[in-house]
Amino acid sequence: MIATLEQPQRTDYSNADVIVASLEAVNKNYGNVRALRGVDFRVRAGELVALLGPNGAGKTTAVKLLLGLMQPNSGRARVFGGDPTNPENRRRTGAMLQVGRVPETLRVCEHIDLFSSYYEKPMSAAEVLAAVGLEKLRDRKFGDLSGGQRQRVLFALAICGDPDLLFLDEPTVGLDVEARRMVWDEIRKMIARGKTVLLTTHYLQEADALADRVAVIHQGEIIAEGTPSEIKAKTAGKRIRCVSSLGIDVLRQIPGVTEVKEDREAVEIHAVEAESVVRELLARDAHLCGLEITSAGLEEAFLALTHDTARNGNPTSRSIRSEEMQ
Amino acid sequence: MSTATLTLTHPQIQRSPRHTATIYLKEAKYEFLKNLRLRMYTASVLSFPLMFYVLFGLVLNSKQAIGGTSVPMYLIATYGTFGVMGASLFGTAAGLASDRGLGWLQVKRASPMPPFAYFAAKVVTSMIFSAVIVVALFVLGFTLGGVRMPVADFAKLLGTLVAGSLPFSAMGLAVGYFAGPNSAPPTINLIYLPMSFCSGLWVPFMFLPSVVRQIALVLPPYHLSQLALGIVGAGRHESNATHWEVLLAFTMICLGVARIGFQRDQEKMYG
């Protein structure tokens, strides 16, 4: 069920063959819930990989396995070629997790001072504070910070040890635009310095802005993997739904149509842009009715991708061919 | 200590002793600051024993004596035990339950922090607060209640009560591993308040009903308070060795329970 859009050989990262983090045929269950199913996933040195998926897709589980906070039911998680629980590996790793409560009576600079002390060669407190834009709030108690400022402190704790590998679980949730840009800039700086970053997000835009490679995860499976533009091509565009007397083959001939599916009495048309296609539809079919146009958002894309993987196991060969398989 | 042996099962990290010491010191320092600034902690843990002492030891009964020991002197031992117990139970259990339940412990565990430093910081912080309470009681007694004792005796009293923080820190770890973030404080109160009463920390032991006195013999605060009372000349002349043994056994049981909780947590995560 894994589809790779981009062959590993084609990646042009200098040390692309060095895999710094991997999940190998990992299954992870919580009771009866299958959080991850047969996930194979690799992060290469110097790469910025985004794990993109809706809530509950298994993103956090993947990160916790790679941090050694959990063990898989089968398969294995590796970091720097070894066990993620190995303290030596932890010293080269930084992590930002979603936390319910952080000790509120400690000041920003105290939290950073403590976490920096765990590492061998930490950044200076001033550097860390500047990186996350909290210089003026260094003496503020954590409990007195806004939600966005708290997120930035957690980000600071992840980077303060100057780790080689950074795990960021939903790093920009709750951040305003400015703070999000700031975190993005810092993530880019980490990459520029040769670090490796795995971030999870449910914003396609975020994955697009940052990542070299995106893995789309849905219901515990990686359903697509590729560069942001490859993923975007699959998720961009509009969905047009209507009842038309035109045959499917005719509809496919309309310029700009990427896919046509029958959906009960109606047809579902995917198009790069809606206007020209709709103009053409209305011109050719005077009885056309039930017209609906929606943008193919991420949620849609997940549905489309899962739909296709379920049908022919290969999302790359989606579009027209999927219809012929029926 | 079982928590120590547990951490040894992980591969050890190469760190200079100096670096390790720095981490332990910082962990303890910030744990102490965290609790010091937590009004709920300082208010309940510090002010209750001191307020009780002022009221019952200095305002109401200061001229009386219990078996030859003045009330202000006697109550330093019993409210001292009460204070140590509260500082240690709340200091470990409440923080641990909250850190465990709300994700902070995971952030710490994902970092290269030596796991034992986390527990050591809580135990050391409890001991420091315990010492503060005992010293504060003594200062009140000395200045307002005419309490006088040889320096050596006070050192012994302080040392005994601070060492007596350990069984209750162990108990706090056990509670912290089984209670949720919100249920930990009420759970502690449910253990701490009845135990204090039955051990003769509020009402001197000889005035307790005989049934309660029988119960007291199995309660750790009774044994700690008897050790403390022995130093101020108001003990019941039981063997000190027995008191220490009971406290040690209690500590081991609590650490055993905490270890079960620790492993249960690991399995939940490692499931």
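In what order do the elements of chain B run from the N terminus on? The order is α-α-α-β-β-α-α-α-α-α-α-α-α-α, which comes to twelve helices and two strands. Keep in mind as you look around that this is a predicted model.

**Chain B as a whole**

Chain B is as compact as a globular protein of its length, because its radius of gyration of 19 Å is close to the 18 Å that the globule rule gives for 271 residues. Here are some overall values for this chain.

| Property of chain B | Value |
|---|---|
| Box filled by the C-alpha atoms, along the principal axes | roughly 60 × 40 × 35 Å |
| Accessible surface | about 11600 Å² |

Carbon and sulfur atoms account for 70% of that accessible surface. Of the 271 residues, 54% count as buried. Among contacts between residues at least 6 apart in sequence, 76% join residues at least 24 apart.

**A serine in chain A**

Now turn to Ser244(A), which sits in the loop between strand S10 (238–243) and helix H9 (248–253). Is Ser244(A) buried or exposed? Ser244(A) is buried, because its relative accessible area is 18%, and the cut-off for buried is under 20%. Its side chain makes a polar contact of 2.7 Å with the side chain of Asp285(A), and also reaches the backbone nitrogen of Leu246(A) at 3.0 Å. Leaving aside neighbours within four places in sequence, Ser244(A) is in contact with Asp285(A) and Leu288(A).

Methods
Residues are numbered from 1 along each chain as its sequence is written. Chains are lettered from A and ligands numbered from 1 in the order in which they are written. This is a predicted model: local features need pLDDT of at least 70, side-chain atom pairs count only at pLDDT 80 or more; totals for chains, interfaces and linings use all residues. Side-chain values use heavy atoms; hydrogens and water are left out. Helices (H or I, at least four residues) and strands (E, at least two) are DSSP runs, numbered from the N terminus. Buried means under 20% relative accessible area, exposed over 50%, partly exposed in between (1.4 Å probe, protein chains only). A polar contact is a pair of N or O atoms within 3.5 Å; within protein, one must be able to donate a hydrogen and the other to accept it, and residues adjacent in sequence count only if both atoms are side-chain atoms. Contact means heavy atoms within 4.5 Å. The radius of gyration is taken over C-alpha atoms; the globule rule is 2.2 Å times the number of residues to the power 0.38. Accessible areas come from the Shrake-Rupley method with a 1.4 Å probe; for residues, only the protein chains shown count as cover.
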